[in-house]
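Reader: Hi, could you walk me through this model? I'd like to go over the surface, the helix packing and the charged pairs.

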Amino acid sequence: MNSSEILTSTLIASVVSVLINFGVTRILKKIDFKHEYYKKVIDKRIAVYDCIEDQIMILKLSVIDVRDLRVYHRIFSSGEKFYEESTEPINKASLNSLWINLETREKVLELKNLLNEAFLEGIHDDKALISYGKKHYEKIYTLRDEIEVLIQRDILELYDFSKLRVKLDPNPTRQGFLK
């Protein structure tokens, strides 16, 4: 082998090495980007599930009215300001519902609508709020438990992004607040 053949072989080997290195680096960067993206999506999902969990914990506190022995959730017992503060987590979760599974999203919106319905009905005094809480205790209790079960299932599958797909709404004017 003469020196020009050695030089040509070295040059070709260097070019091939650079091309392979470039290709491998590009593939690894793509994979790394994808993993970072998934981490961010999972972080967003966890944040929304934390809000939902906070609302569930708030709704686990109940009060019994000694006058009629009817039960209602504590959030209805301390006035309008306390009620607004106590429903903040569900409102925040519904604003970010894009990041939760479809079935969970539907139940969260149903609970949010039920809780916000009190204000839509014009209920602002303490007695009317308590009466509303008594009237809807069973429904809120049931939704709370259903959502808790859904969260337990969802948390185990946060990585499964296929469940985030949005079901196409045949009524595009619906805004998700009240049907």
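Author: Happy to; what follows is a short chat about those topics.
Author: This is a predicted model, where local features need pLDDT of at least 70, side-chain atom pairs count only at pLDDT 80 or more, and totals for chains, interfaces and linings use all residues. Residues are numbered from 1 along each chain as its sequence is written, and side-chain values use heavy atoms, with hydrogens and water left out.

Reader: Thanks! Which residues make the nonpolar surface patch?
Author: Ile 12, Val 16, Ile 20, Val 24, Ile 27, Leu 28 and Ile 31 form the patch, which covers about 630 Å². Patches take residues with over 30% relative accessible area and no salt bridge, joining like charges within 9 Å and nonpolar side chains (Val, Leu, Ile, Met, Phe, Trp, Tyr) within 5 Å. The areas come from the Shrake-Rupley method with a 1.4 Å probe, and for residues only the protein chains shown count as cover.

Reader: And where does Ile 12 sit?
Author: Ile 12 is in helix H1, residues 3–59. Helices (H or I, at least four residues) and strands (E, at least two) are DSSP runs, numbered from the N terminus.

Reader: Is Ile 12 buried or exposed?
Author: Ile 12 is exposed, at a relative accessible area of 52%. The classes are buried under 20%, exposed over 50% and partly exposed in between, with a 1.4 Å probe and protein chains only.

Reader: Switching to packing, at what angle do H1 and H6 pack?
Author: About 145°, and the axes of H1 and H6 (residues 137–155) are 10 Å apart. Here axes are lines fitted to C-alpha atoms, for helices over the stretch in contact, and angles run from 0 to 180 degrees between N-to-C directions.

Reader: Which residues of H1 meet H6?
Author: From H1 they are Tyr 49, Ile 52, Glu 53, Ile 56, Met 57 and Leu 59, and their partners in H6 include Ile 140, Arg 144 and Asp 154. Contact means heavy atoms within 4.5 Å.

Reader: Good to know. How many salt bridges are there?
Author: The count comes to twelve, where a salt bridge is a side-chain nitrogen of Lys or Arg within 4 Å of a carboxyl oxygen of Asp or Glu.

Reader: What does Asp 68 pair with?
Author: The side chain of Asp 68 meets Lys 134 at 2.9 Å, N to O. They are 66 residues apart: Asp 68 is in the loop between strand S1 (62–65) and strand S2 (70–73), while Lys 134 is in helix H5, residues 126–135. Asp 68 is partly exposed at 36%, and Lys 134 is buried at 13%.

Reader: How about Lys 81, which residue does its side chain meet?
Author: Lys 81 forms a salt bridge with Glu 85 at 2.8 Å, N to O. Both lie in helix H2 (residues 79–86), four residues apart, about one turn of the helix. Lys 81 is exposed, at 60%, whereas Glu 85 is partly exposed, at 41%.

Reader: One more, which Lys does Glu 110 bridge to?
Author: Glu 110 bridges to Lys 139, at 2.9 Å, N to O.
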